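Work through the exercises below with the sequence and the 3D structure in view. Each task is followed by a solution in steps.

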Amino acid sequence: MTQLATEQTIWDKNESLPREELQALQAKRLKQAVARVYQNVPFYTANLNALGLTADDINAIDDVRKLPFTVKTDLRDNYPLDLLAVPRDQLARLHASSGTTGKPTFAVFTQEDLDTWSDLCARFLYAGGLRKNQFAHVAFGYGLFTGGFGLHYGIERVGAGVIPAASGNTRRQIALLRDLNTETLICTPSYALNIAEVAREEGLDPATDLPIKFGHFGGEPWTEDMRVAIEAELGITAFNNYGLSEVLGPGVAGECPCRNGMHLQEDHFLFELVDPQTDEPVKPGEIGELIITNLTKQATTLLRYRTRDLCVIHEEPCDCGRTTRRMGRVIGRSDDMMIIRGVNVFPSQIEEALLSVEGTTPHYMIELDRPGNLDQVTVSVEIQPHMFSDKMTEMNMLKRAIDKEIRTITGIGVTLNLVQPQTLARFEGKAKRVIDNRFAPGSMEK
Amino acid sequence: MKIQQLSVFLENKPGQMAAVFDILGKSSVNIITMSTADTEQFGILRIITPEWEKAKTVLEKGQFVVNLTPVIAIQVPHKPGGLSSILALFQNQGINIEYMYAFPCAHTTEAVLIARFEDPCNVADVINATSDFKILSEADVFKEKKSCEIQS
């Protein structure tokens with residue numbers, strides 16, 4: 001760590017541009033981005049026209065505030081590819097994230113986008129100790145999910161050897177890490193702890209018997225407590241990174257050796273932090289919702305995308321020499337999205353599943369726990385007379401039908417708990433249907 | 001000749017069963033017989049009582065989910081092979097039993113089998129047409145039990 005902090009860890013000169021130069025670059029790229037979508041994306045043409053705007057009205061960074069927000073439902077409404085800013089034949093790769101209605105949201109890339117993406121991932125990987133004479137092990141899912149491939153090409157860009165282990169079969173992953181003497185581990189933070197736990201079950205001391213030195217973790221929220229636990233358990237230095245498939249995937253922001261916030265890749269994105277109630281910018285140091293405008297992404301260029309992620313932005317200069325601002329950990333959501341085993345899930349999806357099986361939405365509660373460092377979801381549902389049968393076979397069929405529907409809609413399996421009427425909490429105002437015990441004090445204790 | 005069974009949903013947590021019988025006891029509901037079916041997460045309590053209407057009302061007031069289920073009560077000989085003779089009949093007639101439970105009458109040679117079928121009317125017809133087994137009415141069951149109690 002100390003060695004890294006004193007070493008040159010900056011991958012790209014754009015990471016340390018003087019602020020005025022960076023802002024000039026942002027203004028130029030913003031104007032190009034708005035011109036591109038105004039010309040090529042009917043959705044944005046109509047939205048800008050409705051506000052009496054054209055691309056000519058955008059000349060400085062602050063002009064971004066004239067632009068309308070883009071929200072998740074806009075992506076759904078333009079399913080599958082109506083937000084494309086380039087001809088379809090320019091696309092080089094199509095990823096997707098789970099959608100809120102079972103429909104995915106596509107994350108699409110031109111070859112130029114893939115190059116940028118690789119570079120942006122290389123930035124934080126290099127900052128976090130990865131070098132070309134090393135190996136990096138990717139235990140993220142590789143399919144439609146952007147995580148696996150994004151990091152994979154970032155590692156290749158650095159020039160290191162990549163082991164695309166993907167997710168699952170933890171014992172095999174541990175054997176691979178040990179046999180190949182791999183330096184860097186890439187996965188979700190909870191999976192890192194799971195690896196440590198399984199290594200212990202195998203009779204190993206994960207801190208000394210696993211070769212890894214560095215870990216890059218993302219894909220789900222985590223805490224400083226969890227970082228301390230991961231570093232102690234695995235004997236590594238752990239780095240946080242941030243991204244979302246709507247605007248890119250991993251690589252939107254990542255930590256440097258100082259680890260006092262994730263450096264925002266401001267040459268490729270314009271970041272704002274707004275009060276989610278008023279949509280006005282928050283004061284420096286205050287928590288707000290992160291709003292991201294794509295400056296360079298060609299395939300889709302989103303203007304002022306509402307991430308719903310709540311965080312702070314640190315503006316003071318960082319000791320590492322980068323001039324970019326830094327975002328703190330995501331500390332919550334301005335909506336009620338849950339991230340479960342890396343999958344985005346909304347309570348409304350659980351509600352939708354119950355509705356489609358039952359014809360009505362019963363009272364329900366979602367409880368999240370993390371036994372053995374793997375997310376577990378318990379859905380408690382108040383049983384109603386029309387759902388109840390004296391036959392066990394029918395009750396089991398009901399349970400299976402609800403289980404299956406939740407899995408179909410959300411992509412995750414849950415434990416279904418049928419409870420008696422009037423036993424779940426009632427709400428006078430907005431219902432609080434999620435109890436998240438994963439980050440509760442004491443939840444990190446072994 | 002069906003009789004009403006109360007079927008009660010029970011969440012699997014301590015005190016649930018006690019709560020049901022506390023309510024029934026306080027309402028002076030007498031139970032003829034009962035059985036439970038359970039899984040790790042929930043249970044189904046099945047109750048036969050002459051005061052099923054009152055029992056249903058008070059349990060629902062106590063926030064329990066209660067269904068009425070038609071079941072058949074069959075008198076069977078209370079001796080070795082008594083139950084197997086009626087089961088042989090079901091088997092021969094291709095009748096599927098959803099579930100069943102039984103209770104004996106003390107000091108008599110009879111027992112009562114409570115059984116749940118998909119189509120109870122059809123089963124009653126088959127029993128009447130093909131055997132000497134007696135299907136009991138509500139009056140029979142409740143009287144039967146009463147006489148048992150007096151004798152004991």
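**Exercise 1. How do H3(B) and H4(B) stand to each other?**

Step 1. H3(B) and H4(B) are roughly perpendicular to each other, a label that covers angles of 65 to 115 degrees (under 35 is roughly parallel, over 145 roughly antiparallel, the rest oblique).

Step 2. Their angle is about 110°, and the axes are 11 Å apart. Axes are lines fitted to C-alpha atoms, for helices over the stretch in contact, and angles run from 0 to 180 degrees between N-to-C directions.

Step 3. Locate the helices: H3 spans residues 82-93 of chain B and H4 spans residues 120-130 of chain B. Helices (H or I, at least four residues) and strands (E, at least two) are DSSP runs, numbered from the N terminus.

Step 4. Find the contact (heavy atoms within 4.5 Å). H3(B) brings B:Leu89, B:Phe90 and B:Gln93, while H4(B) brings B:Val123, B:Val126, B:Ile127 and B:Thr130.

The model is predicted; local features need pLDDT of at least 70, side-chain atom pairs count only at pLDDT 80 or more, and totals for chains, interfaces and linings use all residues. Residues are numbered from 1 along each chain as its sequence is written, chains are lettered from A and ligands numbered from 1 in the order in which they are written, and side-chain values use heavy atoms, with hydrogens and water left out.

**Exercise 2. Trace the open sheet of chain A**.

Step 1. The order is S10-S11-S12-S15, four strands with antiparallel pairing. Two strands pair if DSSP finds at least two bridges between them.

Step 2. S10 (269-274) and S15 (332-333) of chain A each have a single partner strand, so one side of each has no neighbour in the sheet.

Step 3. Look at S11 (residues 288-294) and S12 (residues 305-311) of chain A: four bridges join them in the antiparallel sense. A:Ile292 has A:Tyr305 in S12(A) as its bridge partner.

**Exercise 3. Where do the domains of chain A and chain B lie?**

Step 1. Chain A has domain 1 (1-334) and domain 2 (338-436); such bounds come from an automatic or database domain assignment. Their C-alpha centres lie 31 Å apart.

Step 2. In chain B, domain 1 covers 2-69 and domain 2 covers 71-142. Here 23 Å separate the C-alpha centres.

**Exercise 4. Where in chain B is confidence lowest, and where highest?**

Step 1. Helix H5 (residues 138-151) of chain B is lowest, at a mean of 63. Helix H2 (residues 52-61) of chain B is highest, at 96.

Step 2. The mean pLDDT of chain B is 89.

Definitions and conventions: pLDDT is the predictor's confidence in each residue, from 0 to 100.
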